[in-house]
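Q: I would like to learn how to read a predicted model, feature by feature. Could we go through one together?

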Amino acid sequence: MSTYASIAIMVGIVLLFAIGIPLAYRSEKKAFNNGKCPHCGSDLKWEDSDSQGGRLWMCPGHYTIKDKYGKPLCPGYSCWISYGRVDKKFRK
Ligand SMILES: [Zn+2]
């Protein structure tokens with residue numbers, strides 16, 4: 001492999017991280033929606049964690065909030081968050 005090729009690959013990897021991490025962070029921040037369910041506005045509940053430290057947040061309104069016909073108002077919502085900054089102040 002020539003020197004230029006390995007430099008090009010390294011630059012590519014750096015660019016991938018420089019662009020990929022902020023994008024993933026932003027999409028998680030959007031999914032987390034400041035701890036509110038995008039469907040019904042309920043506060044999301046921390047349900048579970050995986051071994052890599054990701055957190056599963058779920059909407060409790062799926063079971064508790066019903067419309068006048070007795071149908072759940074919220075179709076249910078959940079998201080996995082892996083970036084600590086996204087849900088830091090919501091974890092207790
Ligand atoms: Zn909801």
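Q: Which residues make up the largest nonpolar core here?
A: In general, nonpolar side chains tend to be buried together in soluble globular proteins. A nonpolar core is a set of buried Ala, Val, Leu, Ile, Met, Phe, Trp, Tyr and Cys residues joined through C-beta atoms within 7 Å. Buried stands for 20 or more other C-beta atoms within 10 Å of the residue's own, exposed for 12 or fewer, and partly exposed for values in between, with C-beta atoms placed from the backbone. In this structure the largest such core has ten residues: Phe32, Cys37, Leu44, Trp57, Cys59, Cys74, Tyr77, Cys79, Ile81 and Val86. This is a predicted model, in which local features need pLDDT of at least 70 and side-chain atom pairs count only at pLDDT 80 or more, while totals for chains, interfaces and linings use all residues. Numbering starts from 1 along each chain as its sequence is written.

Q: Which residues does Val86 touch?
A: A contact is a pair of residues whose C-beta atoms, placed from the backbone, lie within 7 Å. Leaving aside residues up to four places away in sequence, Val86 touches Glu28, Lys29, Phe32 and Ile81.

Q: How many helices and strands are there in the protein chain?
A: Both are DSSP runs numbered from the N terminus: helices are H or I with at least four residues, strands E with at least two. The protein chain has three helices and three strands, in the order α-β-β-α-β-α along the sequence. Its radius of gyration, taken over C-alpha atoms, is 19 Å, well over the 12 Å that the globule rule gives for 92 residues, so the protein chain is more spread out than a compact globule. That rule is 2.2 Å times the number of residues to the power 0.38. The C-alpha trace spans about 70 × 25 × 20 Å along its principal axes, and buried residues make up 14% of the 92 residues.

Q: Which way do β1 and β2 run, parallel or antiparallel?
A: Strands pair if DSSP finds at least two bridges between them. Strand β1 (residues 45-49) and β2 run antiparallel, joined by four bridges, and Lys45 has Met58 as its bridge partner in β2. Five residues lie between the strands of this hairpin, where Gly53 takes a positive phi near 95°. On the β3 side (residues 78-81), β2 again pairs in the antiparallel sense over four bridges. There, Ser78 is the bridge partner of Met58, and Trp80 that of Leu56.

Q: Where do the side chains of β2 and β3 point?
A: They alternate along each strand.

Q: What is phi in Asn33 and Asn34?
A: Most residues other than glycine have a negative phi. Asn33 has a positive phi of about 55°, and Asn34 has one near 60°. Asn33 lies in the loop between α1 (3-32) and β1, and Asn34 is found in that loop too. Asn33 counts as partly exposed because it has 15 C-beta neighbours inside 10 Å; Asn34, with 12, counts as exposed.

Conventions
Two residues are in contact if their C-beta atoms, placed from the backbone, lie within 7 Å.
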